[in-house]
Amino acid sequence: MPKGKGGNTVAAVWEIAEPIARELGLEIWDIRFVKEGADWFLRIFIDKDGGVGIEDCERMSRAIDKPLDERDPIEQSYCLEVSSPGVERELTRETHFEACKGEKIKVKLIRAVNGVREFKGVLEDADGSRITLRLDDGSAMNFEKKETSYIKLDDFVF
């Protein structure tokens with residue numbers, strides 16, 4: 001069971017959501033359980049070949065609503081949101097990095113390297129803790145995942 005933002009809650013929801021998504025021809029890209037202000041949000045990001053439409057989000061939301069209520073993995077009240085991870089989807093899980101090798105990505109660092117915090121290039125390699133990015137000039141840079149603010153697909157390259 002994958003863990004992410006929201007820890008054990010995410011793992012419990014993933015266990016409920018994954019078979020439902022699979023039955024609907026979808027896959028779970030990510031699940032996040034986050035507090036924003038006074039409110040809690042359970043965000044389920046779904047994907048499928050060819051992309052996700054609003055109808056897919058509606059079907060997943062309806063299909064998971066009752067199982068979530070019955071199994072009740074979340075103690076506090078929350079708002080359920082089901083959506084696509086978007087074109088600039090964040091890469092957070094090992095499966096994301098494997099699936100996106102060879103794709104254009106952007107990496108934002110917590111602390112700048114030589115005065116630069118954001119790098120763009122092709123995801124060349126990734127392991128549990130590091131990624132290798134091939135820059136436009138052909139050079140390669142290695143980053144520790146824990147030193148990044150985010151790693152996202154860069155679908156807005158022209």
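The dialogue below discusses how to read several features of a predicted model.

Biologist: How many helices and strands does the protein chain contain, and in what order do the elements run?

Modeller: The model is predicted, and its secondary structure comes to 3 helices and 8 strands. Starting at the N terminus, the order is α-β-β-α-β-α-β-β-β-β-β. Along the principal axes, the C-alpha atoms fill a box of roughly 55 × 35 × 25 Å.

Biologist: What share of the residues is buried, and what share of the contacts joins residues 24 or more positions apart?

Modeller: Of the 158 residues in the protein chain, 37% are buried. Among contacts with a separation of 6 or more, 52% join residues 24 or more positions apart. The chain exposes about 9,200 Å², and carbon and sulfur atoms supply 46% of that area.

Biologist: Which residues show such a contact in detail? I would like to consider S83.

Modeller: S83 is found in strand β3. Leaving aside neighbours within four places in sequence, S83 is in contact with I44, F45, I46 and C57. S83 and C57 are 26 residues apart along the chain, yet their C-alpha atoms are separated by 5.6 Å. S83 is classed as partly exposed because its relative accessible area is 26%.

Biologist: Are R89 and D47, which meet in a salt bridge, buried or exposed?

Modeller: Both R89 and D47 are buried. Their side chains meet at 2.5 Å, N to O. R89 belongs to the loop between β3 and α3 (94-99), whereas D47 belongs to strand β2 (residues 39-47), so that the pair links parts of the chain 42 residues apart.

Biologist: What is the accessibility of each partner in the salt bridge between D56 and K48?

Modeller: D56 counts as buried because its relative accessibility is 6%, while K48 is partly exposed, with a relative accessible area of 29%. The N to O distance of this bridge is 3.1 Å. Elsewhere, D30, R32, E90 and R93 are linked in a network of salt bridges.

Biologist: Which residues form a negative surface patch?

Modeller: The patch is formed by D65, D69, D72 and E75. E75 is found in the loop between α2 (54-71) and β3 (79-83), and it counts as exposed because its relative accessibility is 82%. D72 lies in the loop between α2 and β3 and is exposed, at 53%. For the chain as a whole, the mean positions of the 25 positive and 33 negative charges are 4 Å apart.

Terms used: Residues numbered from 1 in each chain as written. Predicted model: local features only at pLDDT ≥ 70, side-chain atom pairs only at ≥ 80, totals over all residues. Heavy atoms only, no water. Patch = residues over 30% accessible without salt bridge, like charges linked within 9 Å, V, L, I, M, F, W, Y side chains within 5 Å. Areas by Shrake-Rupley, 256 points an atom, 1.4 Å probe, with all protein chains shown as cover. Salt bridge = Lys/Arg side-chain N within 4 Å of Asp/Glu carboxyl O. Lys, Arg positive; Asp, Glu negative; His and termini not counted. Charge placed at Lys NZ, Arg CZ, Asp CG, Glu CD. Helix = DSSP H or I, 4+ residues; strand = E, 2+ residues; numbered from the N terminus. Buried < 20%, exposed > 50% of the residue type's maximum accessible area, 1.4 Å probe, protein only. Contact = heavy atoms within 4.5 Å.
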